[in-house]
Structures are given as C-alpha cells and as structure tokens.
Amino acid sequence: MSANATMDATGPGLDSVGLTVLNNFLVNTCREMGLAMMKTAYSSIFNEGLDFSCIILDRDGEMVSYAEFCPAQIGAILYTVKWTIEELGLDNFRPGDVVMHNDPYRGGCHMPEHTVIKPVFHDGELYGFVANIAHVTEIGGKAVGGFAADAKEVYQEGLRLPPIKIIDQGRHVDDLWKVILSNHRTPVTSWGDFHAMIGSLSVAERRLHEALAKHGVAGLLAAGKSLMAYSEQRMRAEVRELPKGEYGFEDWIENDGVDPTARYRIHCLVSVRDDDIIFDYTGSSKQAKGPCNCTYGVTASATYNAMLNLTDQTIPRNSGCYRPIRIIAPPGSVVNVAHPGPSVGGNSEVHERIVDVLFGALSAAVPQRVAAAAGASSCNFLFGGRHPQTAQYYANYHIEGSGWGATIGGDGNHTQCPINGNCRNTPVEVFETRYPWTVEQYSLAPISGGHGRTRGGHGCIRVLRVDAPEITVSSFMDRHSTRAWGLFGGEDGGSGALRVMRAGEQTWRTFSEAFGTVSPNKFADVQLHRGDRVMIVSPGGGGYGSPLERDPALVLEDLREGLYDVDIARTVYGVVLREVGGTLAVDAQRTRQERGATT
Amino acid sequence: MYRVGIDSGGTFTDLVGIDADGALVVAKHASTPQAPKDAFLGVIDKSRIADEAIERIAHGTTVATNAIIQRQGARVAFVTTSGFEDVPFIQRINRRREYDLHWRKPQPLTRRRWSVGARERVNANGEITVPLDAEAIADVVAALRALPADEPPEAIAVCLLFAFLNPRHELMLGEQLAQAFPDLPISLSHQVAPIWREYERSSTVLADAFVKPLVAGYCESLSRALAARSAQVHCSILKSDGGTTLLANAARRPVDILLSGLAGGLVGGRYWARRAGIADGITLDMGGTSADVGLVIGGQQRFTTEFEIEWGLPVAVPIVEVRTLGAGGGSIAWVDKGGMLNVGPQSAGASPGPAAYAAGGTDATVTDANLVLGRLDPDYFLGGEMALDAALAWQAVARVAQRVGQTPEQTAAAIVDIADENMTNAIRLATIERGIDPRGFALVAFGGAGPLHAVAIARKLGIERVVVPPHPGLVSALGAAISELRVEKVRTVAMLSDLASDAALIAQFAEMEADARGELAAEGLRGHAFATWKLSLRYFQQNYEQDVTFTRAGGLAECLAQFHRRHAEFYGYSFPDQPVELVHLRLSVYEADRGDAEGPRLRALPADAPAGVRERAGRDMGGRAVTFAVHRRAALPPGHTLAGPAIIEEVDSTTFIPAGARLQVHESGNLIITEAA
C-alpha cells in the first residue's frame, strides 16, 4: 500500500507515515489556534504573555494533540473535558455549542484558568472537541486580578463556573454572559478575551473538518487511538530505561497568606517499577487555610511536566503519554484541595515546587537529565484601578522570570519564565502604555544564581513607581525565605524579595512593615498612591556540582560579564586572577594552589 | 544596455543580464566566500557584458546574513536608558521548547560588559520626564572609553525607551557620540526600526550595528573595484524588502540588506507568476539545505517585520515575506526510538551531502530517496556536472527501510512524503498565520529541488496550479536584475479611530510619500513610481494588527469596514461597534514596471540539450515499479502538453509530474501543472 493510498483510506489502519503526517497536522492546528488567540486577545497576559494552551480531544475526552503554550494547563485539560462530558452528557452537545468551565473542583487548575470547549461534528456525528484553556486576568472576587492571596474559601477567589453552555448552537446565551460580565471588574476586556478564545476554536474546527472530510469520524478516531497507543508505548519504554527503585524528596512552601508562620511540605515518593511509575504525595502537608493548595489537576500537570522534561522530547504529546504515570494525592492535602478550600496560588507557585521535588527525587536515578532547583516563583503581582488618562477600569496579571537551575552540561538561564508556564514578559513600553506605572529598573539581580561547576541563573529586579492617584495591588510570591537548592555540591540560589517605598520615604520595607499585611509576600488589596515604589526581586536558580570544579576560563568570563566579583571568584570558585596589560587573566598556578588548598 | 542581476549563493554566484529587447545573458562563477567581491567581478567578466553596456547592477548578497549567522560581526557597545542595560540579555523570558532543561537562551549581539546606561527618560506619551543633560552624556562617553582595553568597541547601538515616540534623546546621543568616537559607526533605534517593544527594537539596532563595519567595507570594496574599471557602473544592493538601495546607503543602514540573498528569489518568483497571469502565488525556492517560502498577493510581495536571526533574536525591519525551512534535498531521514520515520530538520548540507554524492555521507536524504524513486537522473545532476551514485543512495535508504520494516522503495516514497508534508505544514502555518487560505494560490516552484516536490505539496495544500519558471536555478539572479527601486516607511500613530479624520490621515500619508519619493529620486529613479497606503488596525486592547489598504476615495470608513469583515472571516467574530486603534501608517513607494505590468519580456536561452523523449524505470508513491517519460525542457515548445507520470530535466533543476497531473508549456516559458481533467 502506498502511503498516500493508506492516508486516503477511511479504514482504521493508518501506517506509521500516515500517523506522522496526521500528528504533525494536528499539532500544527493547535499552534494555529494559539496564533489566532495571540493576535486577537485583549489582555497583556494573553497577547504578550501567551498564558494559554490549545487542545484537540476525541469524544472520549482523550487528548489527541496539544500545543502547550503553557505546560501548567496540560493536566487540567485531561480532567476538565472528561468531567464536562460526564456532567453534560455526550448526547447533549450540538454543533455550534461552546461550553465554558473554570471550576477547580471539577478538574480545573485554579479559578482564573478558564476552559472553552467546542464539539466538532462531521455529517451529524460527534468526533470530539477543540478546547482552549487560558488564564483570564479579571474574574471578580475580593481582589482585582483573581489572586486573593489571603482567601480562606473559594467564594472569595472569584466567579466559579461549572461547565455551562455560553453559546448554544451558535447563539450567545445572553443571560449567562450578563451574569459573567457583571461579575468581572473589566467586562470589556473579558468580552474581548473570551471571544479570542472562542475564535481560536473556530480556527481549529475549520481545520478538523478538513481532516474529517479525509478520514471520516471513525478513521480519525482510530488514528487518534493509534497515536495515543504509540505515545504510551514510547513512554513505557522511557520508564523501563530508568533505574528501578524508590526515590524520595521534599521542599517547602513558605507561608499561605493566612498564617505567616506556617510552612507546607511537598513530599513525593517516586517508585520506578517495570514499565510504570508511581508518584506518591502522601507525605505532603494537610490542606492550607490560604490559597497555596493545588487542585488534583495542578498536581497531575506538575507530575506530567516533570516527566516530559526528563524523557524523549520527540514523543507525540497526547493522553497516551500519561498512561504509565500513576499519581497518589490524598484529598484534603496541599496537593489535592477539597472544597471549599482556596487554590489560586497552587497553579502559579506550588506547581514549580512539585516539579523541582521530582527532579530532586530523580536526581539519584538520572543525574544527567535533571536540573538543580529553579528560582521558580512566578512572582505573581496583580493590580488594577481606574486609568487616570482613560478613566477606564483596568486589571493586570504581572509575572516575572526567575533564575533556572543548572544542569550537568550548562548554566541555568537567567530570568526565565518558571517551568509551569512559558509566558513572555510584558515589554516595558507596552506595560507603561497600558497601565499607569513607570518602570524605573528592569535588570538581572546580582549574584542570585547559585554557584557551582555549572551555575544557576540570576533572577531579576524590577522597580515600579505609581503614576496614578491610586492603584490596588495584590501579591502571591514564594522563595523569599527559602532558596532554590543546588545539586551535587552546587550552592543554593539567592532568595527573592518584595519591597515597597512610600512616596517621600527613603527606605525599602516589606508590605507587612509598611501596610501591616499578614504575610509579606502573599496579600491582597493594598492601596498604593502616586509616587509609591515597588521592588520585585525574583529568586535565582541552584548550582550543579562543586564551584571548585568550574572551568577557570568560564569563571573569568562570568567575572567580566559582571555576574559576580573577584572575591567570589577566589573564595567560592578558588580562581585567582591577576591583571595582565590592563585586563584580567587567570593565574593558573595560584588557582591550582587555591583549589588544592580548599579541597 | 543591460540590467544585470548578480546573486551570490553558497556554491555559485549567478549573473543574469537583460537587454532592452529582453534577450538574456547568463553566467555562473564559483562563489568565493572569503572574498565575495572576486566572484562578483569574476562573473561579470565571464558574462562578457562590457562595462559600458551595463545600465545598472543589482546585487543580492549574503555578506550581512553570513556575518550574523556565523556571529562574525563587530563588537557592539550598547547604550540604553539607565536601569535597562540587561534588556538584551533578559529577552522575552520564554523558552524555545517547553520541555527542555538543557536549552540555553540565545546570545545577543553584544555582551553585558559592553552595555551602558544613560540617565534619561521619555514616557509612554512621548514626553521627556528625565532630560538627558550634558553630564549624563559625558558619563556615557566615559563609560564607553572605560570598556576593556582588549575589546575596544567597533560599533555603537543606541536604543532608548520610547525613542520611537520621541527621538530627541537618541539624536542628541548620536551626535555627541559621533564627536567622541569619530571612527565608530553609530546606529540609532528610532532610525533603524521605529517600533514599539524595547527588546525587539534593541535586538534590531544591535543587528544593524553588528554588520555595519563589514557591510560598509564590502560596499566600499565594490565601489572601488567598479570605479577602477573603465566605465562608471551604477551598482545597488538588493534589500530584504525586494527593493534596491545604493551601495552607500546599504553601508549606512545595513540592517536593510540582511536578507538580500533571499529577496531575489521572491522578486523573480513574482515576475514569473505575473508572466503566467497569476496574481496570487506562493513561491517555493528549495535547494540543498533549506527551502524559502514566500507570498505574492495581488501581484505584490508581502512584507513582514517578524524575522529572527535565531529563535528569540528578532530583527524587526520590513522584509519580504519569506520563511526559511530546514527542508531541502539534504534533509536527513531518521527513525525515532519507537520506530517512527522522520525527516529533517538535520541536513547533510553540501558537505558531505546526500549519500549519493559519494563524499562520505551515509545518512539517507531526500535526494537519495528521489534517486531511489527514479525521479533524478544520476548522470544529469546539475546538467551532468556532478555524478550521483545511485547505489550508495539505495544502500542508505535500505538501512532506514530495515529499521521501519519496509522495502527500500516504500521507504524512499515515505521519506519524500514526509518531507513534502513538513513543507506543507510550514506553508500552511506561514499562510494561515497571515489569515490567508493557501487554496486560492498557485505554487511557484524553483531552485534546484523545488520543481521536484511542488506538485505533491500543492496537492496536499489543495492548490490547483503549479508554475515552474524557466531556468529554475537562476530565478534569484533574475529577480535581482528586474528588482525595482523601493522605499517602505512606517509611522506609528497609535490613536483611536473615532479621533482620526480622513483629511489628517491623507496629509500624513502625503508627507510620508513626498519624503519617500525624495529618497527614490536620490537613488536614481528615472520613471514613474507607484505608492500604496495602508493602515495597521486592531481592536483597542489587542496587541497585533491587521493591515488594510487606505484609499483617498474610501477613506477610514472603508478601512474599518474591511477590518471588521476580515476579522469575522478569519476568527469567526467581529465587534463593529467597538473602537478600533490605528497603530501604524504604512507606505510603499516603488518604481513602476516600465509601463508593462508584467515586467520585461524575456527571450529564452538557447537550448541546452537535444530533443527526444527517453524512458526511465522508477517507483510510484506505493513503491511499485513504473516507467517515467523523461523530457528535456528545451525541447518542449510553448503550447505543448503532456500527462504524468513524467520528468522534465534541465541543467539546473528537475520537474516531477506525477500520475494524474498534466503539464502545459505556457507562452511565457513557464511550465504550468494542473490536475488532469
């Protein structure tokens, strides 16, 4: 049979070429959805940040293809669509329907993460769904921007939507739209963003119709199952390659916004078995009062994220990848929140911590694949108010990159979006055009990357000055007292910080000092005024291997690039430098002595 | 008098000369990458066109491209608003691949230690909030002088926040730095790329400064060499936007010629599309290591400002809409751990090349697969200049076949099919991304390998017509020869539609056009020039725009109607009652095609081979044995038709016509391939 002939057949049997072709087509379709979303969305977190993901699912709710603009969402999408199908009933979907859903207890990540789902039919028969899951900035609730960092119940976190049809057979369900939009502080922005999400579904639906015309419903379903089986088989082979055994590791979340002294343990026992792998989070803390809890979807996302980072990147990404992965997350714990516990920070801050814990655990099994801990705080900073020039209400979800952990082969990147997302920063020129702040500084944070044979990346510093009569701010940040750990003798990264300097004052203080917030880095609804300044410092990543083993030539280059100073070069890296003709050079002999003496 | 195009490629430097009657002269000279000037002059000599007979030369060069790709440009000192010195290093904080801990951010075209802050500030309204005073300037000069002695800067790039709204501070710095460092070229961001988003603008102005000493040196050496010849020759460089610019201007704004080498293909492709009576075409220029895909819409090339040196290093100046894919004859077939077959993006390149080159390559490539399928003649590759070893190709493909459990012939078909599919997906993304449905387009295929794959790709895209121009390997040089003088201008306005008036917009466009016409006159424009006006529009709060043509008659109202309509067509919704933001005014002014909308009439080259049809055994896409009729192109007169499966050979390319397709030789010399009725 020729490849083409097989492709044209409607029968179940696509050969491997046909499958490659189909997989590329589907991934491409998901990317097209993402581009449509980027080009049309209203919020900075979408059009600059790209905080969304685009998915094709079959009618069983199995994910067939995926373009993960934001990896945090991958676990949730597996569950939200299945829940939706179960709750609404497969027979109740009609062509032209669009379902919206953001319920953290029905498979979602956290309340801002809204999923829109559209059924795709061919000749009257349901094939499956196209879906877009995206972080909507303003969702009502007690704090502008959806991060009520001191919330104790989900009801404070914003407007919760179980799976509901907001478009019924092509017609907007006006009553629902009125309810939703009158609960958001920025209804025009939400209107534009929701339509960007829904528009991306139309783009994907058009493409899927092409594939359905070619393969038919049965053919495309069968091909999707083959792709999933293929990915499952590949992932099982990957698991078989891992050294069998049990590997435990832990890390901590430093407070929850409600109790400033509490610490929450994230623990995982990883059991690598024959061709499956169990992630048991039973050793993790009980559910927190404040919103640093993960939904099951977040814990699953983080687990899958870690596995995809440690395994072959060429495995087609679909539900099959996850079948060899088993997750134990006790309900009522920080890794599986029970109703009505709050959860907004789990997706943004704890996801990263879980991934690091898994890297830490598996560093004993596959040291060459993992990275040291990353700074790994999204540095969620939310703000809103009336813009003095337009008199319109605005809201923004602001995030920062942080330093990444070093790997065996290379230094961690400086200031990069944490691993749970892959967002872009908002350019200073866009930021100031949209919002009434002046950015006074945006630079790398000195010496924040952990030292090592390969070093962790630096975090960043941003200084903002209020340019409006009033701006209301909220924060959900972490790793201000803990640090990103190094591996195999590498040093820890530097902590992050959040400080405020009131107009007319000269000192930086924490928000607890200046405003009496319960937590210095997880709080909601603080009013800042013209001339007040905020400084965000993101944490650095951990180092890998002893700094005394770092190539002295690299130490010299780091030094010339201003990443640390001569003292550190000598005391930490054991590299002695001297000036030759006005420029620095490594003194090889004294470096050998220094390193010999230190080790 | 001849209009001459010279295209410097990786292997050959090609020349096409066209005289007033449309007679062609062509010449080929081995490229001399170490001293590109030598091949440039050499190919003129080889063409035997006398200097006195040259009306003008337009030159497509890869000097700037190669300097950037190989990172062999100047040490660039970067001057920016104090507090933002790290912007080129922080970049946009996203990563190329979601699940790759080992990926490293791209290295920008400067170093952190060469990055200097200036105390100054302009705000989002373009107002100066911190004036740049004499002391701040003196501090910048002092900081630049204090840069490490063993690394003296060779160029300076300046990018201040919001300089695209108010360039005053950049101009002041530019002036003072020029006095302090008279030997260093200086690039100012608002002149190089007056665009929103500081990282993209920084990256662009760094690219300009990075290649400036090299490009300036190359342009000067060409000027000198030409001046030393008997006659005064008018020479210009092909710009990335497909227009041309004088040597002196290219030296001043080298960022404009970054894709000089690619633009010729698109201009040439557009020319042949027009000659075939085609307004909307996708050009596919496929060679050994890469394929360049371009768009021609309504007879015009499209422009974009979204080029990247590598992932994450943007250069935001107008370039022809060309997307380069890592897909060529040299793309390598490989089997993943699960036994699935993949092709590319790794390439065997020109060296060692495909297994069939017998130069040490053992990987099966797309070229090897085409040989196994009988689509290439091992004895007539590059007109017989290079013999291919069919046995080595077969062995390489057989090794892959063993791993996937198929016959070598089936595997060869699969390799070709996957390569076709990869290109198809890339073309789809390139078109869909712009809101264009490729199905209404013709595919214009050239380069050594383009015509071999074109019909299969067209079928996958739902494209009904394939055009293969005459001399597919010389389309780029031809494009240079017929390129027109062109100026592209962008002005950022950023205002809401209800505050704009037709009169004010027309006045602004007219002013931009007058400037542009002035520049064209200085470039040596003799005849007429056309102008098009476009508005870049978006809904307020969106961050990406859609370009819509502005006419005096239709005014803003017609633009808005068109914008809403297109938004609805492509995204399934529109908001006709919501405010629309006018972001940019875009202007193109270009030389009219000498009174002939289709461009000059070209005469055919003399026949390169005797006529006669041969037969060759080959394989179809199922790996089954078939017989191909093999024709020499020069033997096919205009009007001639034939049905596939067939192969058309000529010196620089091979066209494959699969079963079910039908070929007609167009009067323009183009091969037009459609489905048999």
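How far apart do the C-alpha centres of domain 1 of chain A and domain 2 of chain A lie? In this predicted model, the two centres are 31 Å apart.

## Domains of chain A

Chain A is divided into domain 1 (3-233), domain 2 (371-545) and domain 3 (548-598). Between domain 1 of chain A and domain 2 of chain A there is contact: 23 residues of domain 1 touch 27 residues of domain 2. On the domain 1 side of this contact, the residues divide into 11 nonpolar, six polar and six charged.

## Overall form of the two chains

Chain A has 13 helices and 21 strands. Its C-alpha trace spans about 75 × 60 × 45 Å along the principal axes. Among the contacts in chain A with a separation of 6 or more, 74% are between residues 24 or more positions apart.

Chain B has 16 helices and 35 strands. For 677 residues the globule rule gives 26 Å, and the radius of gyration of chain B is 26 Å, so chain B is as compact as a globular protein of that length. The C-alpha trace of chain B spans about 80 × 60 × 60 Å along its principal axes. In chain B, 55% of the 677 residues count as buried. Of the contacts in chain B between residues at least 6 apart in sequence, 67% join residues at least 24 apart.

## Where chain A meets chain B

The contact between the chains involves 72 residues of chain A and 63 residues of chain B. On the chain A side, the elements that give two or more residues are helix H1 (3-8), helix H2 (16-40), helix H6 (187-241), helix H7 (296-310), helix H9 (428-434) and strand S14 (437-444). The largest share of this side, 14 residues, comes from H2(A). By residue type, the side of chain A that touches chain B divides into 25 nonpolar, 34 polar and 13 charged.

## The sheet that holds S14(A)

Strand S14 of chain A, one of the elements that touch chain B, also belongs to an open sheet of four strands. The order in this sheet is S14-S15-S19-S17 (chain A), and the pairing is antiparallel. S14 and strand S17 (497-501) of chain A are the edge strands, each pairing on one side only. On average, neighbouring strands of the sheet are turned by 15° against each other, direction ignored.

S14(A) and strand S15 (residues 460-466) of chain A run antiparallel and are joined by seven bridges. In this pairing, A:Leu444 stands opposite A:Cys460 in S15(A).

S3(A) is joined by three bridges to strand S6 (residues 164-168) of chain A, and the two run antiparallel. Here A:Val99 stands opposite A:Lys165 in S6(A). Three bridges also join S3(A) to strand S4 (residues 113-122) of chain A, again antiparallel. In that pairing A:Met100 stands opposite A:Val116 in S4(A).

Methods. Residues are numbered from 1 along each chain as its sequence is written. Chains are lettered from A and ligands numbered from 1 in the order in which they are written. This is a predicted model: local features need pLDDT of at least 70, side-chain atom pairs count only at pLDDT 80 or more; totals for chains, interfaces and linings use all residues. Two residues are in contact if their C-beta atoms, placed from the backbone, lie within 7 Å. Ala, Val, Leu, Ile, Met, Phe, Trp, Tyr, Cys and Pro count as nonpolar, Asp, Glu, Lys and Arg as charged, and the others, Gly among them, as polar. Domain bounds come from an automatic or database domain assignment. Two strands pair if DSSP finds at least two bridges between them. Axes are lines fitted to C-alpha atoms, for helices over the stretch in contact, and angles run from 0 to 180 degrees between N-to-C directions. The radius of gyration is taken over C-alpha atoms; the globule rule is 2.2 Å times the number of residues to the power 0.38. A residue is buried if 20 or more other C-beta atoms lie within 10 Å of its own, exposed if 12 or fewer, and partly exposed in between; C-beta atoms are placed from the backbone.
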